[in-house]
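The structure is shown first.

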Amino acid sequence: MTSQYQCISIPVTDELAREQIIAELAAAGYDGFEELEGSLQAYVPGEIFDADTLHEILGKHNLTYSKSTIEKQNWNAVWESNFEPVQVEDFVGVRAAFHPPFTGVQHEIVITPKMSFGTGHHATTYLVMQLMRDIGFEAKTVFDFGTGTGILAILAAKLGAKAILAVDNDDWCIENALENTSVNGSQNIVIEKVNDARLNQKFDVVIANINKNIILDNLPYLADDLEPGGDVLLSGLLKEDEADIREACGKMGWVHQNTLERKGWIACWFRQ
Ligand SMILES: C[S@@+](CC[C@H](N)C(=O)[O-])C[C@H]1O[C@@H](n2cnc3c(N)ncnc32)[C@H](O)[C@@H]1O
């Protein structure tokens, strides 16, 4: 397990540039982001950090960076001191255990994200939760590809799904998703470590909030994972990815139902 992270501090103020940098860094293996006033802090496991890749990504925006090394446990302290509860309308509230319970939300999720992606703060997670509001989950089977903290799998369980498979390719996420499903009492979620969406099971709903390339690479597998008439929610996508995603999903025989946008990011809903 990784114990040391590189913390990269980037003085980026333009919101769209910030979101594009997050998307590219996430694709390069960065798995923690903090959006601060006037800067972005990005965290990457020490062994994944590659200066050339970082220069290439930041060079497109004429940006520089500063770098420091942090220990895994320091991240938790940083996160805990900065984490604010997130509320998606009156539908769902996401908070840490040390926050007071929400009032006036239909569903509440308690998350200890550590370095895992998925607190609801990021637009992509927020958008998928919004789309989940419009899909019936009662007694359905669900596949959550790239579960991170397990947040979307936990919401599916709270919405009445009967069985959920949540997968990730990152050990830390697996550990954290197990912790979060336990804290939320979600007993019908199975968590597995995998590198792609090749499964021998079919699901009523397939969710993938990762990034454009991984989603496109896995699209045929996701199509195989889907029950006839099933729903697909895709995110981790920028607005400019929408045409390519809709074209590729159309080739799978999926019919576009809705696209939601937030801060330059989108989430798309298709039905087979
Ligand atoms: C953008 S995060 C989404 C986390 C959470 N589902 C959410 O919506 O907040 C993407 C997650 O996908 C995982 N991931 C990336 N590539 C993957 C792959 N090839 N197979 C499985 N998981 C992957 C990452 O480790 C990360 O936890």
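## Basis

The model is predicted: local features need pLDDT of at least 70, side-chain atom pairs count only at pLDDT 80 or more, and totals for chains, interfaces and linings use all residues. Residues are numbered from 1 along each chain as its sequence is written.

Helices (H or I, at least four residues) and strands (E, at least two) are DSSP runs, numbered from the N terminus. Two strands pair if DSSP finds at least two bridges between them. A residue is buried if 20 or more other C-beta atoms lie within 10 Å of its own, exposed if 12 or fewer, and partly exposed in between, with C-beta atoms placed from the backbone. Residues are in contact if their C-beta atoms, placed from the backbone, lie within 7 Å.

## Strand pairing

Strand E1 (4–10) is joined to E3 by six bridges, and the two run antiparallel. In that pairing, Cys7 stands opposite Tyr43 of E3. E1 also pairs with strand E4 (residues 66–71), again in the antiparallel sense and over six bridges. There, Ile8 has Lys67 of E4 as its bridge partner.

E3 (residues 39–45) is also antiparallel to E2 (residues 32–36), with five bridges between them. Phe33 stands opposite Ala42 in E3. The hairpin of E2 and E3 has two residues between the strands, and Gly38 takes a positive phi near 80° in it. Leu36 is placed in E2 and counts as exposed because it has 9 C-beta neighbours inside 10 Å. Leu36 and Ile10 are 26 residues apart in sequence and 9.9 Å apart in space, C-alpha to C-alpha.

Helix H1 (residues 15–27) has 13 residues, which at 1.5 Å a residue should span 18 Å; its end C-alpha atoms are 19 Å apart, which agrees. The expected span is 1.5 Å times one less than the number of residues. The buried residues of H1 are Arg18, Glu19, Ile21, Ile22, Ala23, Leu25 and Ala26. Their cover includes E1, E2, E3, helix H2 (51–59), strand E12 (226–238) and strand E14 (265–271). Gly29, with a positive phi near 105°, follows H1.

Helix H5 (151–158) is mostly covered, with seven of its eight residues buried. These are Ile151, Leu152, Ala153, Ile154, Leu155, Ala156 and Ala157. Gly160, which follows H5, has a positive phi near 105°.

## Ligand shell

The ligand is surrounded by 24 residues, of which the closest are Gly118, Thr125, Gly146, Gly148 and Asn209. By class, the shell has ten nonpolar, eleven polar and three charged residues. Ala, Val, Leu, Ile, Met, Phe, Trp, Tyr, Cys and Pro count as nonpolar, Asp, Glu, Lys and Arg as charged, and the others, Gly among them, as polar. H4, H5 and E9 each supply at least two shell residues, and H4 gives the most, with three.

An unreviewed UniProt entry places the feature "binding site" at Thr125, Gly146, Asp168 and Asn209; such annotations may be inferred rather than shown by experiment, feature names are shortened, and positions follow the numbering used here. Thr125 is in helix H4 (residues 123–132) and is buried, with 26 other C-beta atoms within 10 Å. Not counting residues up to four places away in sequence, Thr125 touches Gly118, Gly120, Ile151 and Asn209. Asp168 is in strand E9 (residues 163–168) and is buried, with 27 other C-beta atoms within 10 Å.

Most residues other than glycine have a negative phi. Asn62 has a positive phi near 55° and lies in the loop between H2 and E4. Asn62 counts as exposed because it has 7 C-beta neighbours inside 10 Å. Lys263 has a positive phi of about 50° and is found in the loop between strand E13 (255–262) and E14. Lys263 is partly exposed, with 17 other C-beta atoms within 10 Å.

Note on methods:
Contact = placed C-beta atoms within 7 Å. Near = placed C-beta within 6 Å.
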